[in-house]
Amino acid sequence: MPISYDNTLELPVFQFENLKNIPGLAHAISTRLAPGRPLITEVQPSAPNDYRLAGRAAYIQKETVMGRRSEFLAALGLDYEKIQPNLVGVRQLHTATVRTVGAEAYGANLNWDNPLPDCDGVITDQPGVPLMTIHADCPAILLYDQVRKVAGTLHSGWRGTVGKIALEGVRQMVDGYGSDPKNILAGIGPSIGPCCYQVGEPVLSEVKRAFGPEMAAELLIQQPDGSYHFDLWQAIYNTLLEAGLDPAHIEQSQVCTLCENETFFSYRATPPDQRQNYGQFTAVIVLT
Ligand SMILES: [Zn+2]
């Protein structure tokens, strides 16, 4: 699947073909691309390793990030000043927990210093409430129920993937909003791909536990040197099928952040001595 850039936008962004041009829905994944300069949409805190403690309050270049975020949302036709108080972020702790937000999200500033705690995904049926997750090598999963008009974004690194956060996201749409999985469209965003994602323990054991030996054999690809690569995209795709989605409704970006590091940030592509400042990109979905 080629990267989809909408040249009518001032800022090049990634968009899924199956979620584009749907009335009442806007979505995008930010890139590093900007005319004449590198784009940094998110910057990781400079010091602490404990992401829970660091949170987004510790970002050292908050003004820069906020400026870029404003630009990014403006490229989607969203008025940042107006919509920023409704923007919902999540804490992202590599869990498989998904939360829903309702009308209480309006003006609640559930982003930056105050994202939804203890979860890696968020779902809403409220128009004008943009949902945001941030990524470096872990895929975003965007979900949209075209009948019930419910949207969500999930952060699915290896822990979220073996925890089947995709299944949990769909379950919450079904239980909370009466969604039929057959009506849900899904996009699996850019992330480190099966070409590059070398894994060892505990990932190998966890993949086998979560998916069973037969499917794990498909998801863990042995390399000529004997090491294994994990196919996050296929694992998430399989999980979405398990959740009841129509295969025709699942789009995989098939973009590897390590191979395409000039377009997307990648933690693994960042030299180890610079990883305290690795860049991240943003996935946003909003009912308009
Ligand atoms: Zn790659």
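User: What stands opposite E251 in β16?

Analyst: G187 does. Keep in mind that this is a predicted model.

User: How do β12 and β16 pair, and over how many bridges?

Analyst: In the parallel sense, over three bridges. Strand β16 covers residues 250-252.

User: And what about β12 with β10, which sense there?

Analyst: Antiparallel, over five bridges. Strand β10 is residues 140-145. One of the bridges puts D145 across from I184 in β12.

User: Is β12 mostly covered or mostly open?

Analyst: Mostly covered. The strand runs over residues 184-188, and five of its five residues are buried.

User: Which of them point which way?

Analyst: I184, A186 and I188 point to one side of β12. L185 and G187 point to the other. Residues on both sides are buried.

User: What sheet does this belong to, and in what order do the strands come?

Analyst: An open sheet of six strands. The order is β7-β8-β11-β10-β12-β16, and the pairing is mixed. β7 (98-101) and β16 are the edge strands. Each has a single partner strand, so one side of each has no neighbour in the sheet.

User: What does the twist average from one strand to the next?

Analyst: 15°.

User: How are β10 and β11 paired?

Analyst: They are antiparallel, with six bridges. Strand β11 is residues 150-155. In this pairing, L142 stands opposite T153 in β11.

User: What holds paired strands together in general?

Analyst: Backbone hydrogen bonds, in either a parallel or an antiparallel arrangement.

User: What about D118, where is it found?

Analyst: In the loop between β7 and β8 (121-124). D118 is another non-glycine with a positive phi, about 50°.

User: Is D118 buried or exposed?

Analyst: Exposed. D118 has 12 C-beta neighbours inside 10 Å, and a residue with 12 or fewer counts as exposed.

User: Which residues does the cis peptide bond join?

Analyst: E201 and P202, with omega at about 5°. P202 sits in the loop between β13 (198-199) and α6.

User: What sheet is β13 in?

Analyst: An open sheet of three strands, in the order β13-β15-β14. Its pairing is antiparallel. β13 and β14 (220-222) stand at the edges with a single partner strand each, so one side of each lacks a neighbour in the sheet.

User: What does α6 touch on that sheet?

Analyst: α6 packs on the sheet and touches β13, β14 and β15. The direction of α6 makes about 75° with that of β14.

User: How many bridges link β13 and β15?

Analyst: Two, in the antiparallel sense. Strand β15 is residues 228-230. The bridge partner of Q198 in β15 is H229.

User: Back to α6. At what angle does α6 cross α7?

Analyst: Roughly 140°, and the axes come within 9 Å. Helix α6 is residues 203-219, and helix α7 is residues 232-242.

User: Why is that pair called oblique?

Analyst: The crossing is at roughly 140°. Only angles over 145 count as roughly antiparallel, and 65 to 115 as roughly perpendicular, so α6 and α7 are oblique to each other. Their crossing is right-handed.

User: Which residues meet there?

Analyst: From α6, F211, M215, E218 and L219. From α7, Q234, A235 and N238. By class, the contact has four nonpolar, two polar and one charged residues.

User: Last topic, V284. Where is it found?

Analyst: V284 is in strand β17, residues 279-287. V284 counts as buried because it has 24 C-beta neighbours inside 10 Å.

User: Which residues does V284 touch, leaving out those up to four places away in sequence?

Analyst: H27, A28, L73, P130, L131 and M132.

User: How far apart are V284 and P130?

Analyst: They are 154 residues apart in sequence. In space, they are 6.4 Å apart, C-alpha to C-alpha.

Definitions and conventions:
Residues are numbered from 1 along each chain as its sequence is written. This is a predicted model: local features need pLDDT of at least 70, side-chain atom pairs count only at pLDDT 80 or more; totals for chains, interfaces and linings use all residues. Axes are lines fitted to C-alpha atoms, for helices over the stretch in contact, and angles run from 0 to 180 degrees between N-to-C directions. Helices (H or I, at least four residues) and strands (E, at least two) are DSSP runs, numbered from the N terminus. Angles under 35 degrees count as roughly parallel, over 145 as roughly antiparallel, 65 to 115 as roughly perpendicular and the rest as oblique. A crossing is left-handed if the near helix is turned anticlockwise from the far one by less than a right angle, and right-handed if clockwise. Two residues are in contact if their C-beta atoms, placed from the backbone, lie within 7 Å. Ala, Val, Leu, Ile, Met, Phe, Trp, Tyr, Cys and Pro count as nonpolar, Asp, Glu, Lys and Arg as charged, and the others, Gly among them, as polar. A residue is buried if 20 or more other C-beta atoms lie within 10 Å of its own, exposed if 12 or fewer, and partly exposed in between; C-beta atoms are placed from the backbone. Two strands pair if DSSP finds at least two bridges between them.
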